[in-house]
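This briefing sets out selected features of the structure shown below. The points are grouped by topic and should be read alongside the sequence and the coordinates.

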Amino acid sequence: GLANTPYAFGQQRIEHLIQNTHVPVGYWRSVGGSQNAFAIESFMDELAQAAGKDAVEFRRMLLKGRVDWLLVLDTMAQKANWGKQLPKGSAQGVAIFESYGSVMGQVAEVSVSKKGEVRVEHVVCAVDCGHVVNPRTIEEQMESGVVYGLTALLYGQISIEKGRVAEGNFDTYQMLRLNAMPEVETHLALRGGDKWGGIGEPSVPTIIPAVCNAIFKITGKRIRSLPLSSHDLSWA
């Protein structure tokens, strides 16, 4: 998710360092795409701000020649009415990423109360996964990936107490509940050809940076660690 970035930067240096921890860990849904999309798509928004550019337009400038990514980017921006006027305390955030052979983009509409309470109101997904067998299955995978990603973003933290994991089941590990679930709409941005992309995991990596980029617009605070429950997101 980093070494194969299509953004046309003049100079790139990408390294991989092994970090051994005292707590054994396993694979997470979307695997490396999870943290890598969070890192690069959050940073892309920081670069856009530094350049004084709109977040979508800035990405478009750096994706020249990547017809597949541009189709996804433009589809989600159009369907989400990117840049629309929203009340104070609400904003849109964007992220786009490729994993498992599928290009995935999301626009998240987010509200943050002055006390720092975050609510994701609406998510627009655009995806190019190549051939499609069952469009409804794609919608379901997009929605479930949003649930999974938002759970990690809002609450996902494992605590170690006396050498053991404290959270033993879903009574102590909070999941996104129905009353916090945003409306999710899915749009196919397919170019055709012989491509077969995965669909079970690509919606997880983009939801977290999309929401965090929206939070920055509201609060002026950049999120560089998760979950959000450990951050003070209050604003005046």
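This is a predicted model: local features need pLDDT of at least 70, side-chain atom pairs count only at pLDDT 80 or more; totals for chains, interfaces and linings use all residues.

**Strand pairing**

- Strand 1 pairs with strand 2 (residues 102–112) in the antiparallel sense, over ten bridges. Within this pairing, Ala91 stands opposite Val110 of strand 2.
- Strand 2 also pairs with strand 3 in the antiparallel sense, again over ten bridges. Here Gly105 stands opposite Ala126 of strand 3.
- Strands 2 and 3 form a hairpin in which five residues lie between the two strands. Gly116, in the turn, has a positive phi of about 95°.
- Strand 3 and strand 6 run parallel and are joined by six bridges. His122 stands opposite Glu183 in strand 6.

**Helices across the sheet**

- Ile96 belongs to strand 1. Ile96 counts as buried because its relative accessibility is 0%, and the cut-off for burial is under 20%.
- Leaving aside neighbours within four places in sequence, the contacts of Ile96 include Val103, Met104 and Gly105. Also among them are Tyr7, Glu41, Arg59, Trp69, Val72, Leu73, Met76 and Thr206.
- The C-alpha atoms of Ile96 and Pro202 are separated by 10.0 Å, although these residues are 106 residues apart along the chain.

**The segment before helix 1**

- Tyr27 is located in the segment before helix 1 (33–51). Its relative accessibility of 79% means that Tyr27 counts as exposed, since the exposed class begins over 50%.
- Ser30 is found in the segment before helix 1. Ser30 is a residue other than glycine with a positive phi, near 90°. With a relative accessibility of 1%, Ser30 counts as buried.
- Val31 likewise has its place in the segment before helix 1. Val31 is not a glycine, yet its phi is positive at about 50°. Val31 is partly exposed, its relative accessible area being 31%.
- Tyr27, Val31 and Tyr100 make a nonpolar surface patch of about 360 Å².

**A cis peptide bond**

- Leu226 and Pro227 are joined by a cis peptide bond, with omega of about 5°. Pro227 lies in the segment after helix 5.

How values were computed:
Residues are numbered from 1 along each chain as its sequence is written. Side-chain values use heavy atoms; hydrogens and water are left out. Two strands pair if DSSP finds at least two bridges between them. Helices (H or I, at least four residues) and strands (E, at least two) are DSSP runs, numbered from the N terminus. Patches are made of residues with over 30% relative accessible area and no salt bridge: like charges are joined within 9 Å, nonpolar side chains (Val, Leu, Ile, Met, Phe, Trp, Tyr) within 5 Å. Accessible areas come from the Shrake-Rupley method with a 1.4 Å probe; for residues, only the protein chains shown count as cover. A salt bridge is a side-chain nitrogen of Lys or Arg within 4 Å of a carboxyl oxygen of Asp or Glu. Buried means under 20% relative accessible area, exposed over 50%, partly exposed in between (1.4 Å probe, protein chains only). Contact means heavy atoms within 4.5 Å.
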